[in-house]
Amino acid sequence: MLKVYNTLTRQKEELCPLKGNTVTMYSCGPTVYNYAHIGNLRTYVFMDMLRRVLRYDGYKIKGVMNITDVGHLLSDGDDGEDKMAKAAKEQKKSPQEIAAYYTDVFFKDFARLNIGRPEVIAKATDHIDEMIAYVQDLLQKGYAYETSDGIYFDIGKFPAYGKLSRLNLDDQIAGARVEVNAEKRHPADFALWKKAEKNHIMQWPSPWGMGYPGWHIECSAMSRKYLGVTFDIHTGGVDHIPVHHENEIAQSEAREGCRTVNVWMHGEFMLVDGGKMSKSLGNTYTIDQLHARGYDPLAFRYFCLNAHYRKKLNFTFEGMDAAQTAYDRLLEALYKHKQSAEDCDESVLQSYKDRFDAAVNDDLNLPLALGVLWTMTKEKPSHKLYALALEFDKVLGLNLHTAHPPKEDDAPVPAEAIALAEQRLAARKNKDWAESDRLRDAIAALGYTVADTKEGFSLHKK
Ligand code: AMP
Ligand code: ZN
């Protein structure tokens, strides 16, 4: 019996799918205007963990994930430029090219982290008609109104607004910045559709002239299309609770007249060095960058699994070193079981399976489940225990079948080599080729070769 924590009710609940053995699930996907950072990817490791536990428990899944390629403005409210349009301008590409490139990289990261793709991947720009129809419906039902710059949801018509975050609307408004749009009936009313200015890069014809959708409407329209009126689980990161998911609830429940999501699940944030990840601090690492520093992407997955998804996870390179070492040791510890011809008592196997299952079914307690696996590796070597570990790997996704004997040298790339490679990168940016060559030699003297990559560099032992 799987119990999961429902953000809506603030408690763990037994999962009871609406359609027998099939779980219907929607996951907010990425806005594809830049590389996904390790924080974003933590949220998708969480989504994947949930999908794997569901499958391990014998459920089928119909999962949908959107790709936001229009409508996500610089603030989660309705101001600022469209993130896609801004990236397109900066990189002198079309928004379509930007979206295609970053979507491709995103799914490459999925593959490297053993994150399975949801059954339906839905691009916002492929669903403009559905969004327009949805907005028309809300207008017809009296939940929306037109202004000179768009169509807005009328929060005053939806008294339950705020039930997910449990934020009092008046408090939210008191804290809100000075209102710029005087035509809105209520400061928290949000855009369903925006009318486009002439030079706006992405726009479509609509009953309200040329325009583009608001960010939130895509998730309501696409979940309705693929999963029906009410579905079982909706996932996302905790930052989505107060605006994006409140708005989704308002749109969907207003249109359908009933509850549309049974369980809301949210992954906590990843911090870096105890603080927020941000471009200006230069601490938004990508999987490619971790790989370049000598880490196995699956060691990052291990790092994520080792913390409960509802707890903040602080990323540091010391922590990442520890995860890489633990992951290597785990594969080594399993190797002696892989090689063993010995049997193992059924009761011993059963007791490990019971403990593992209890952990994963208790709101995805993967840290505890990993602990069970570690204890198991310390048993007398047996191929039966190895087979059980492979069964557990259906949930863990750590490629435990690659269990191997200890490597001669699996030490991470030394900090000195990384520092030199970073200096070399800076020298190359300044076109200081002589300095760049000197640094390459210095790196070689430490026993490493450096290669240039799109992201920067990668270091390999000679
Ligand atoms: P975005 O591409 O900005 O829409 O974000 C994609 C996903 O990453 C969303 O589900 C966010 O909630 C999540 N996310 C953003 N930053 C972090 C972070 N620091 N830690 C964990 N998840 C995050
Ligand atoms: Zn969403």
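**View 1. Helix α2 and the lining of the largest pocket.** In this predicted model, α2 gives the largest share of the lining of the largest pocket, 5 residues. A pocket is an open set of points on a 1 Å grid over the protein atoms alone, where a 1.4 Å probe fits and protein lies on both sides within 12 Å along at least five of seven lines; lining residues have an atom within 4 Å of a point. Helices (H or I, at least four residues) and strands (E, at least two) are DSSP runs, numbered from the N terminus. The volume of the largest pocket is about 1,100 Å³, counted as the space filled by probe spheres set on the grid points, which are joined across faces, edges and corners. It is lined by 39 residues, of which Y33, H37, N40, K83 and D239 are closest to the centre. Two or more lining residues come from each of α1, α2 (83-91), α3 (95-112), β10 (231-237) and β12 (270-272). The lining holds 16 nonpolar, 15 polar and 8 charged residues. Here Ala, Val, Leu, Ile, Met, Phe, Trp, Tyr, Cys and Pro count as nonpolar, Asp, Glu, Lys and Arg as charged, and the others, Gly among them, as polar.

**View 2. Ligand 1 in the largest pocket.** Ligand 1 sits in this pocket: more than half of its atoms lie within 2 Å of the grid points. Around it are 16 residues, with T31, G39, T43, D239 and M270 nearest; a residue counts if a heavy atom lies within 4 Å. Helix α1 (residues 38-56) gives the most to this shell, 4 residues. The shell has 5 nonpolar, 9 polar and 2 charged residues.

**View 3. Polar contacts of ligand 1.** A polar contact here pairs N or O atoms within 3.5 Å. An oxygen of ligand 1 is 2.4 Å from a side-chain N or O atom of D239. One ligand nitrogen is 3.0 Å from a polar backbone atom of G39. A ligand nitrogen also lies 2.8 Å from a backbone N or O atom of M270. Alone, ligand 1 exposes 500 Å², and the protein buries 90% of that (Shrake-Rupley method, 1.4 Å probe).

**View 4. The second largest pocket.** Its volume is about 630 Å³. Of its 26 lining residues, T286, Q289, L425, E455 and G456 are closest to the centre. At least two lining residues each come from α8 (287-292), α14 (415-429), β14 (448-453) and β15 (456-461). The lining has 5 nonpolar, 12 polar and 9 charged residues.

**Notes.** Residues are numbered from 1 along each chain as its sequence is written, chains are lettered from A and ligands numbered from 1 in the order written. Local features need pLDDT of at least 70, side-chain atom pairs count only at pLDDT 80 or more, and totals for chains, interfaces and linings use all residues, while side-chain values use heavy atoms, leaving out hydrogens and water.

Definitions and conventions
A polar contact is a pair of N or O atoms within 3.5 Å; within protein, one must be able to donate a hydrogen and the other to accept it, and residues adjacent in sequence count only if both atoms are side-chain atoms.
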